[in-house]
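Thanks for coming. I have one structure to go through today, so please look at the sequence and the model on the screen.

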Amino acid sequence: MRIVLDRPRCEGHGLCEEAAPQLMHLDDGGELVLDREEIGSADTAPANAAVRVCPVAALRIA
């Protein structure tokens with residue numbers, strides 16, 4: 001499975017980072033950086049939480 005970021009849609013709210021800090025972070029400019037795009041079964045719950053809390057629907061699981 002992968003977590004996919006729609007970069008043009010992302011507004012850098014940071015809610016996803018709070019939900020899944022092991023998978024992503026905001027850089028110094030407020031841009032979201034995916035530390036790991038490929039996710040295993042142990043990361044499914046945090047990835048799903050990050051997708052759910054994104055107010056602009058910039059993340060999805062594929």
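This is a predicted model: local features need pLDDT of at least 70, side-chain atom pairs count only at pLDDT 80 or more; totals for chains, interfaces and linings use all residues.

Residues are numbered from 1 along each chain as its sequence is written, and side-chain values use heavy atoms, with hydrogens and water left out.

Let me start with the core. By nonpolar core I mean a set of buried Ala, Val, Leu, Ile, Met, Phe, Trp, Tyr and Cys residues joined through side-chain atoms within 4.5 Å. Buried is under 20% relative accessible area, exposed is over 50%, and partly exposed is in between, with a 1.4 Å probe and protein chains only. The largest such core here has 15 residues, and Ile 3, Met 24 and Leu 59 have the most contacts inside it. At least two of its residues come from each of β1 (3-5), β3 (32-34) and α2 (44-53). Helices (H or I, at least four residues) and strands (E, at least two) are DSSP runs, numbered from the N terminus.

What does Met 24 contact, leaving aside its neighbours within four places in sequence? Contact here is heavy atoms within 4.5 Å. The list is Ile 3, Cys 16, Glu 17, Leu 32, Val 33, Leu 34, Asp 35, Ala 50 and Leu 59.

Next, the cavity. On a 1 Å grid over the protein atoms alone, a cavity is a set of points where a 1.4 Å probe fits but cannot get out, and lining residues have an atom within 4 Å of a point. Grid points are joined across faces, edges and corners, and the volume is the space filled by probe spheres set on the points. Searching the whole structure gives 1 cavity of 30 Å³ or more. The volume of the largest cavity is about 70 Å³. Its lining includes Cys 10, Cys 16, Leu 26, Leu 32 and Cys 54. By class, that lining has 8 nonpolar, 3 polar and 1 charged residues. For these classes, Ala, Val, Leu, Ile, Met, Phe, Trp, Tyr, Cys and Pro are nonpolar, Asp, Glu, Lys and Arg are charged, and the others, Gly among them, are polar.

Now helix α2. Pro 46, Ala 47, Ala 49 and Ala 50 are buried in α2. They lie on the same side of α2, because they cover an arc of only 160° around the axis, taken from the directions from the helix axis to the C-beta atoms. Ala 45 and Arg 52, on the other side of α2, are exposed. Among the elements covering the buried residues of α2 are β1, α1 (15-19), β2 (24-26) and β4 (59-61).

Val 53 is also in helix α2, and counts as partly exposed at 35% relative accessibility. Not counting residues up to four places away in sequence, Val 53 touches Leu 15, Cys 16 and Ala 19.

Ser 41, Ala 42 and Asp 43 sit in the loop between β3 and α2. Which of them is buried, and which are exposed? Asp 43 is buried at 11% relative accessible area, Ala 42 is exposed at 70%, and Ser 41 is exposed at 73%. Beyond four places in sequence, Asp 43 touches Gln 22, Leu 23 and Arg 36.

Last, Ala 57, in the loop between α2 and β4. Ala 57 is not a glycine, yet has a positive phi of about 55°. Most residues other than glycine have a negative phi. At 45% relative accessibility, Ala 57 is partly exposed.

Methods. On a 1 Å grid over the protein atoms alone, a cavity is a set of points where a 1.4 Å probe fits but cannot get out, and a pocket is an open set with protein on both sides within 12 Å along at least five of seven lines; lining residues have an atom within 4 Å of a point.
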